[in-house]
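Open the model in your viewer and keep the selection panel at hand.

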Amino acid sequence: MMYFGERSITRKTTSTLVTSSLKPIVKAALASAMVVGSATAADPVTVVSWGGSYGAAQDAALFNDASANTGIEINRESGASMSKTCLQVESGSVSWDLVVTGSGGGAAAAAKGCLEKIDFDVVDVSDFYPNLYTDYCVGSDVFATVMAWNTDKYGEPGSDGAPKTWADFFDVEKFPGTRAYRANNVDGALEPALMADGVPPEEVYDVLSTKEGMQRAINKIRELKPNIAVFWESGAQQAQLMKDAEVDMSTGWNGRFDNAKKDGATVGYSFDQALLDYDCFAIPKGAPNKDTAMKFLAEVSKPEYQANLPFHITYGPTNQKAYELTTAPKELIESLPSHPNNVPLMLPVSLDWYAQNRETALELYIEMLSE
Amino acid sequence: MNESSIVDSALPISIRGLTKQYGQLYALDTVDLDIKSGEFLTLLGPSGSGKTTLLMAIAGFNRPDAGSIRFGDKEMILTPPHKREVGMVFQSYALFPHMSVAENIAYPLKLRRVNKSERRERVNKALDTVQLSGLGERHIDQLSGGQRQRVALARAFVFEPRILLMDEPLSALDKKLRERMQIELKDLHRQLGVTTVYVTHDQREALTMSDRIAVIDNGQLMQVDAPQVIYNQPSNAFVADFIGESTMIPLKRTGNELFVGDERVSSVPDTPAETDWSLVIRPERLMVEPGTADRDSTLFFNGTVKESVFQGETALLLVVLDDGTEVSVRSSTGTATPGITANPGSQVQLAIFRRDIIVVPTGNSQR
Amino acid sequence: MSKTSAETVVENNQTGNQFPAVSDDNRVALAEQEKREQWKLLSLTFPALVVIALVILIPVGWLFYLSFIGKAGGFSLENYQKMIEYKSYARTFTTTFQVSFLTTLICILLGYPLAYFLAQLPGRWVGFFMLAVLLPFWTSLLVRTYAWLVLLQRKGIINDFAINMGLWESPIKLVHNMTGTLIGMAHIMLPFLVLPLYNAMKKIDRDMMHAASNLGASPARAFWTVYMPLSLPGMVAGSLIVFVLCLGFYVTPAVLGGGRVIMVSTQITAILENQFNWGAASALGVVLLIATLLVLFIAGRVLKLDAALFGKS
C-alpha cells in the first residue's frame with residue numbers, strides 16, 4: 001500500500017497555495033492561542049529532535065513560538081531516536097515527552113508498543129493530509145530523499161548535461177566523480193539502485209519484496225561502491241560533505257541541501273525519482289508530561305506554525321491549511337517536496353514494505369558495506 | 001703488592017689538566033693524576049667534591065670540558081664508554097633484573113663473542129672467585145645485598161679488563177658485611193692485579209684498602225699519598241681535618257719559629273712567609289698525666305677536664321686547655337694502659353711527643 | 001641512657017619472674033582483635049564490591065540474558081545464528097580487531113620514542129611536554145575527530161597545502177577510509193600508551209644503561225638488550241589498554257571511516273537504531289566481550305611468561 005495520497009495534495013492545495021501576505025492574521029491567531037494554553041503550565045516538556053539545520057528550523061518555526069504562546073516550558077534535546085525511546089519505555093525510565101522520528105521508525109516503534117496513542121480530541125488533524133499521520137505519530141513535515149550534486153562540476157539542475165535520474169547517479173562514466181551514499185541504515189538506500197537498474201518507480205517495491213530483488217539493488221550499489229567515497233550517517237553530514245566538496249554527488253534529504261546552498265555550497269538537486277517521505281512527532285509510552293506534551297503537539301500542528309517552516313528548511317507542511325496561511329514566496333513554495341508540481345515526480349516511500357522487509361534488507365546492506 | 005706479576009694484566013692511567021665545569025662550579029679543576037699499573041687508588045672526599053665526576057670521566061660517562069685521560073699510551077678522552085674496556089662496579093650495582101646471575105655475568109662475554117662453552121667456564125670461574133658457586137640460575141631479586149655486590153663485581157672483572165672502577169660499592173651494606181667485603185675486595189685486587197680506582201667518602205675504608213689515597217675537594221686534588229702518609233703527614237688543613245680525628249691549634253709565629261703559648265713547636269717550614277700555621281693533634285697521640293718526661297722530646301699542655309666518655313675499647317676525654325682550646329684525648333681502655341679516672345672539673349696535664357706533631361699551613365687554603 | 005631508665009629495666013626483670021614462661025592470658029582476646037581488624041579492612045572494599053556488582057555484573061548478566069531472547073520473546077539462539085548466517089558479522093569482527101591491532105602498533109611506534117624522550121627530559125621540561133601529551137584528554141573526542149576531518153579531507157588543509165606546494169597533483173584520499181580512521185584513533189589513544197610506558201621508563205635506573213655500555217654494549221645494543229626489556233612491562237600494559245579501548249570504539253571510525261570501516265560497535269548501533277532488537281545487539285556485545293576477554297587472557301599468559309623471565313619485577 002502507498003501510504004501517501006498524492007492526489008489529495010493536488011486536489012486540496014492548488015487553489016490556496018499562492019497566498020498574499022497574511023502575517024497580521026497569523027499574529028492574531030497566535031495571540032489568541034496564548035490565552036488558551038498558558039493556564040496549564042507545569043513541568044517543562046522535553047522535546048527531542050535532531051541536530052543540524054533540521055532541529056534549528058523546528059526551533060525557529062515551531063517550538064519557540066509555540067512555547068511562548070502556550071506558556072508551556074520546553075527542554076530541547078537533540079539526538080532523537082526511536083530505539084532510545086523504546087529503551088526508555090522498556091526500562092521504565094522515560095524522560096522524553098515529545099520525540100521526532102522518521103515515519104518508518106515511528107511505525108516500527110508503535111508496533112513494538114513504545115508509543116502513546118495520539119488523542120485526536122486534543123490534536124486537531126482535520127486539516128492534515130490523510131496519510132501524514134497515524135494513531136501514534138503526527139506528521140511534522142514532508143521531505144524527499146534526493147540526489148544532489150556539485151553544480152560547479154555537473155551544472156545547475158535542469159541545464160544541459162546535468163544529472164537527471166538515478167541512472168545518472170550510478171553512471172560514473174557519464175558523470176565521473178565521487179559519490180556519497182547512506183551508511184548503516186537501509187532506509188531509502190535500495191529504491192534508487194533499482195530505479196537506476198531500470199525498474200520503473202511504480203514497480204520498485206514489488207521487485208524489492210523478494211530477496212532476489214533486494215540482492216539486485218545491492219549488486220547495483222556494490223558496482224558503484226569503488227566510487228562511493230563516503231557513506232553518510234546523518235543529514236548534517238550530507239550538508240557538510242557537499243559544502244566541503246568532499247564528494248561530487250550524494251543522496252540525502254532535500255532540506256539539508258537547500259540549507260547547505262544557503263551556506264554557500266554549490267549544490268543542486270532534482271525531485272526526479274526522489275523518494276517522498278515524512279517525519280512525525282510521537283509521545284513515548286509513559287512520558288512524564290504526557291498531557292502537556294499532547295497539548296504542545298496540538299499547538300505545533302496548527303497551520304500557523306507549519307506555515308513558517310519553509311522559511312527555515314524546505315520541507316513541506318503536513319497541515320494543508322499551512323499552505324493558505326504561509327507568507328512564503330512562490331518560488332519557495334514550489335520548491336517544497338509536497339508541492340503538487342513535485343509530488344508526481346517522486347516515489348512515495350512504502351511503510352508496508354519497510355515494516356515487512358527492513359530487517360533482512362539491512363542485513364544484506366551491511367553485508368555489502370562490510371565487504 | 002707484587003708489581004712484577006701484574007704488568008701485562010694492568011694499565012696505568014694518566015690524567016692531565018682534566019676540567020669539568022657546571023655553570024660557575026668546578027667539578028674538576030685541572031686535575032693531574034697518575035695511577036700506577038696495578039695500583040689500588042682511592043678517590044676520597046666529601047660528597048660533591050668531584051670524586052665521582054672524576055671516576056665517571058675515566059669510565060667515559062661524562063664529557064669533561066678539557067684535559068687528557070690516557071690508559072697506558074692511549075688517549076681515551078674521546079673514546080665512547082663501550083670501547084674503553086674498563087670494568088665498573090656501580091653504587092647501585094646496576095644488575096640487570098631481567099637476567100639471571102649467570103646471564104648478568106655472561107653479558108660482557110656475549111658482547112665480545114666469546115663462545116658458549118668458554119662463556120660458561122668463565123662465568124663459573126668468576127662465580128667461584130666471588131664465592132657464589134651454584135647461584136648462577138638465581139634471579140637478581142632473590143639475592144641478598146652482599147650477594148648482589150659480588151655479582152656486580154664478578155660481572156665487572158669477568159671480561160678481564162685491565163682497569164677496574166668502583167663507585168662506593170660497599171655503601172649499601174651493613175657495617176659488619178662492609179668490613180668483611182673490604183678485605184675480600186683487597187684480596188681480589190691482589191688476585192686480579194688490575195689497576196683499581198675506588199671511590200668512597202668513608203676514610204676508614206680508604207685507609208684500609210688503598211695503596212694510595214687521592215683526597216679531593218672542590219674538584220681539586222688535596223693530597224695523593226699512601227694511607228700512612230696521608231694520616232701522619234697531611235699536607236694541608238683540609239686533609240688533616242678530613243682524615244681521622246684532630247684538634248687544630250693555631251700557632252703563633254715569632255721570627256722563624258712557631259709557638260703554642262710559650263712552648264716552641266717547630267721552625268717555620270720552607271713555604272711562603274705570609275701563610276698561617278696550625279698544630280694538628282690526633283686524640284690518640286696525647287698522653288694524660290705523663291708524669292716526668294723529657295721536655296726536649298715532649299710538648300706539655302695544662303687544662304681542665306670537661307667531660308669523660310666511655311666508648312668501649314677506648315675512652316674519650318674532653319679537655320679545655322688553659323688558653324681556651326678544647327682538645328679531645330683518646331686512650332685505650334685496655335689493662336696495659338692506665339685508665340682515665342679524671343672527673344669533670346679536675347686539672348690534668350697532657351703531653352705529646354714532638355715526633356707526633358703535625359704542622360699544617362692554614363693560610364689561604366683554610367676552609 | 002639515663003640512670004633512671006636503667007633502674008626500671010632492672011626492676012622489671014625482677015618482677016618478670018612472677019609470670020609463667022608461656023602465658024595464655026589475653027590470647028583469645030588478641031586473636032579476636034586481629035580478626036576484627038581484618039574484617040574492618042575487608043569492609044572498606046564493600047562499596048567497591050557493590051559498585052562492581054551494580055555497574056558491571058548485573059548489566060553484563062542482563063546482556064547475556066537478552067542475547068538468548070528471540071524476537072518472539074522466548075529462549076532462542078537466533079541472535080547467534082544470524083551472526084553465522086550473514087558474512088558481515090565475521091567481517092566486522094575482523095575489521096574491529098584489525099583496527100585495534102593497527103592502532104596499537106602505530107601507538108607503539110609513535111609512543112615509544114615519545115615516552116623515551118619524556119623520560120630523558122630534565123624535570124622542569126617534563127611538565128610542559130606531558131601537558132602537550134595529555135592535552136587531547138581535555139578536548140572533546142568529537143572535536144578532535146572533526147579536526148582531523150578538516151585536515152585530511154579532499155579539500156582539506158593537508159591536500160590543499162600539498163597541491164599548492166606541488167607535492168602531489170590531485171587530492172590523496174586520507175580520510176573516509178582505514179587510513180583516516182587509524183590516524184584519528186592513534187591520536188586519541190596515544191596518551192594511554194605513553195603514560196604507563198613513561199612510568200616504566202622513569203623507573204629504569206640510569207646506571208643500567210651505563211653498566212651496559214661499560215660492559216661493552218654499543219648504544220643500540222644496550223637499548224635492545226637492556227632498556228627495551230626493562231620498559232616492556234609498561235609497553236605491554238599500555239598496549240593492552242589501547243587495544244581493549246579500541247575494540248569498543250565508535251565515534252572516530254564512524255566519522256573518519258566514511259562508513260567503510262565498520263566496527264562491531266557500529267553494527268550494534270545499526271541493529272539498535274533500525275531494528276530495536278536488543279537481543280541481536282546483546283549477542284554482538286557478548287561475542288565482543290568474550291573475544292576481548294580472550295585477548296586479555298592470552299596477553300595475561302604471555303605476561304606471566306614475561307614475569308617468569310624477569311623475576312618478580
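pLDDT is the predictor's confidence in each residue, on a scale from 0 to 100. This is a predicted model, so colouring by that score is the place to begin.

**Chain C, by confidence.** Select chain C: its mean pLDDT is 87, and 90% of its residues reach 70 or more. Within chain C, helix α1 (residues 3-16) has the lowest confidence, with a mean of 46, while α5(C) has the highest, at 95. Now select residues 1-16 of chain C, where the pLDDT is below 50 and the model shows one contact beyond near neighbours in sequence. Residues 308-313 of chain C also have a pLDDT below 50, but this stretch has 15 such contacts. For the complex, the predictor gives an ipTM of 0.83 and a pTM of 0.80.

**Chain A, the disulfides.** Show the cysteine side chains; over all chains there are two disulfides. Go to Cys86(A) and Cys114(A), which are joined with an S to S distance of 2.2 Å. This link is right-handed, with 110° about the S-S bond. Cys86(A) sits in helix α4 (residues 82-90) of chain A and Cys114(A) in the loop between α5 (103-111) and β4 (138-150) of chain A, so the bond ties together parts 28 residues apart in sequence. Both Cys86(A) and Cys114(A) are buried.

Next, select Cys137(A) and Cys280(A), the partners in a disulfide with S to S 2.1 Å. Cys137(A) is in the loop between α5 and β4 of chain A and Cys280(A) in strand β8 (residues 267-282) of chain A, 143 residues apart. The link of Cys137(A) and Cys280(A) is right-handed too, with 85° about the S-S bond. Cys137(A) counts as buried because its relative accessibility is 3%, and Cys280(A) because its value is 1%. In sequence order, the bonded cysteines of chain A pair 1-2, 3-4.

**Chain C, a pocket.** Last, display the second largest pocket, with about 500 Å³ of space. It is lined by 20 residues, and those closest to its centre are Tyr116(C), Gln120(C), Arg206(C), Met209(C) and His210(C). Elements giving two or more residues to this lining are α5 (87-120), α9 (178-202), α10 (206-214) and α11 (219-247) of chain C. The largest share, four residues, comes from α10(C). Coloured by class, the lining shows twelve nonpolar, five polar and three charged residues.

Methods
Residues are numbered from 1 along each chain as its sequence is written. Chains are lettered from A and ligands numbered from 1 in the order in which they are written. This is a predicted model: local features need pLDDT of at least 70, side-chain atom pairs count only at pLDDT 80 or more; totals for chains, interfaces and linings use all residues. Side-chain values use heavy atoms; hydrogens and water are left out. On a 1 Å grid over the protein atoms alone, a cavity is a set of points where a 1.4 Å probe fits but cannot get out, and a pocket is an open set with protein on both sides within 12 Å along at least five of seven lines; lining residues have an atom within 4 Å of a point. Grid points are joined across faces, edges and corners, and a volume is the space filled by probe spheres set on the points. Ala, Val, Leu, Ile, Met, Phe, Trp, Tyr, Cys and Pro count as nonpolar, Asp, Glu, Lys and Arg as charged, and the others, Gly among them, as polar. Contact means heavy atoms within 4.5 Å. A disulfide is a pair of cysteine sulfur atoms within 2.5 Å. Buried means under 20% relative accessible area, exposed over 50%, partly exposed in between (1.4 Å probe, protein chains only).
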